[in-house]
Amino acid sequence: MAKRERVRGVSASELKERLRELVKAIVDSDDYVVAAADEAIATLSALKHLKSPDSLDDFPLPPEFRCPISTQLMTDPVILSTGQTYDRPFIQRWLDEGHRTCPQTQQVLSHSILTPNYLVRDMIVQWCRERGIELPEPVKDIDGVVTKADRNHLNSLLRKLSLSVSDQKQAAKELRLLTKRMPSIRILVGESSDVIPQLLSPLSSPGTASTDPDLHEDLITTVLNLSIHDDNKKAFAEDPAVISLLIDALKRGTIQTRSNAAAAIFTLSALDSNKYIIGKSGAIKHLLALLDEGQPLAMKDAASAIFNLCLVHENKGRTVRDGAVRVILNKMMDHILVDELLAILALLSSHPRAVEEMGDLGAVPLLLGIIRESASERSKENCVAILYTICFSDRTKLKEIREEERANGTLSKLAQCGTSRAKRKANGILERFNRSPSLTHTA
């Protein structure tokens, strides 16, 4: 640092000229002095410094300039009612989370007003100026900022998950809340491969979570919250223990636990690679069972997960084999989640067995009825797309559709005022009628 101080204030052109002289003397002389080489190195270092100014990492930071929460240099120091100084964004987050105590002293706050600490800020500015450092811009969005306090708190809660059931329940409940409202905690989980086993350890221990539904629910919901962070999706889906425990939760949890397990699978299946993993795991049949049971709280989460998984062809066959067509049509006949389930049915209509089952289970009159009665253009579009596939696969159903068209003109109306795709499919069916004027029942 002393050599750097000696050249401070010297221009780049002066440094280059001096370096040129030193290098020439060294190259031209067979017996140059070591001091000349040292000075050349120092001059070169000074030139590098001009291009890359000192950063905060080059200097030990005075403790009084660090925020006690972030442990980083404060850019907007403020005073809490207890007299402690913090960086504004971090203490504001603490207050926004509902805390009413000082993080350092644990004293109850008399008020939550934050007073700028101009003295400390001036000291920080002066300290930076003396070292040629630019004061960093104040942190505006700290959702993704991981602090030492965040890390310590997460580790403390994870340790509790290996203690008594009461400790586990307390830690799981807090983890559920933290992972919901603090993106920084979700980020932390992805940084270490040890976190997932620690988090799931109570669920892996025989009897613990199965006898305590609250603990089970809180841990599965924590997995759901963590799966929101993109960097966690791949790690979670590729960990057999995570998928296995989610499937177990689908089978035997409370309705809220099962719903949240389905929601976690939906979130994880955002990645195409995860769709294949989850499909192979056997989760689809348990999602269908949850949908079939008809609990309003859980059906939408189950339907969303099934839809996502069926976006890859491999999972369509699995879904059909697990009885999806029957389950979906039964729900639609009861006017439950019609729009959502139609979207799944439209995906499955590319599978021959699904089309056959739709015809056998009364899908045609149901779909035509939805076209007549629904206000949803997307639902009408999905209905006519499915009918288009059915009528080109089964001549008997084409006759059924034609008879309904004669009675109600459902497709003709849709061909006039539907979406562009709906018009195209409706006209395709009508043209099929025209090409088969003498269509008779052949079954």
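Ile265 is found in helix H14, where helices (H or I, at least four residues) and strands (E, at least two) are DSSP runs numbered from the N terminus. This is a predicted model, in which local features need pLDDT of at least 70 and side-chain atom pairs count only at pLDDT 80 or more, while totals for chains, interfaces and linings use all residues. Residues are numbered from 1 along each chain as its sequence is written, and side-chain values use heavy atoms, with hydrogens and water left out.

**The chain as a whole**

- The secondary structure of the protein chain comes to 26 helices and three strands.
- Of the 443 residues in the protein chain, 46% are buried, where buried means under 20% relative accessible area, exposed over 50% and partly exposed in between (1.4 Å probe, protein chains only).
- Among contacts (heavy atoms within 4.5 Å) with a separation of 6 or more, 66% join residues 24 or more positions apart.

- H14 is mostly covered, with 11 of its 14 residues buried, including Arg258, Asn260 and Ile265.
- Ile265 has a relative accessible area of 2% and is therefore buried.
- Leaving aside neighbours within four places in sequence, Ile265 is in contact with Leu246, Leu250, Ile278, Ala283, Leu287, Ala305 and Leu309.
- The largest nonpolar core has 93 residues, and those with the most contacts inside it are Leu199, Leu246, Ile265, Ile328, Met332 and Leu367; such a core is a set of buried Ala, Val, Leu, Ile, Met, Phe, Trp, Tyr and Cys residues joined through side-chain atoms within 4.5 Å.
- Apart from this core lies another, of 22 residues, among them Phe59, Tyr86, Leu95 and Trp127.

- Helix H17 (residues 296-309) reaches 21 Å from its first C-alpha to its last, close to the 20 Å expected for its 14 residues at 1.5 Å a residue.
- The buried residues of H17 include Met299, Ala305 and Leu309, and what covers the buried residues of this helix includes H14 and H19.
- Lys331, found in helix H19 (residues 324-333), is buried yet has no salt bridge, and the nearest side chain of opposite charge, Asp292, is 4.6 Å away.
- Leaving aside neighbours within four places in sequence, Lys331 is in contact with residues including Asp292, Glu293 and Met299.

**Salt bridges**

- The structure holds 22 salt bridges, each a side-chain nitrogen of Lys or Arg within 4 Å of a carboxyl oxygen of Asp or Glu.
- Arg18 and Glu39 meet in a salt bridge through their side chains (3.0 Å, N to O); Arg18 lies in helix H2 (residues 12-28) and Glu39 in helix H3 (residues 34-51), so the pair ties together parts that are 21 residues apart in sequence.
- Lys169 forms a salt bridge with Asp212, with the closest N and O atoms 3.2 Å apart; this pair links distant parts of the chain, since Lys169 is in helix H7 (residues 165-181) and Asp212 in the loop between helix H10 (208-211) and helix H11 (213-227), 43 residues apart.
- Lys169 counts as partly exposed at 31% relative accessibility, whereas Asp212 counts as buried at 12%.
- Lys173, Arg176, Glu217 and Asp218 are linked in a network of salt bridges.

Key: Lys and Arg count as positive and Asp and Glu as negative; His and the chain ends are not counted. The expected span of a helix is 1.5 Å times one less than its number of residues.
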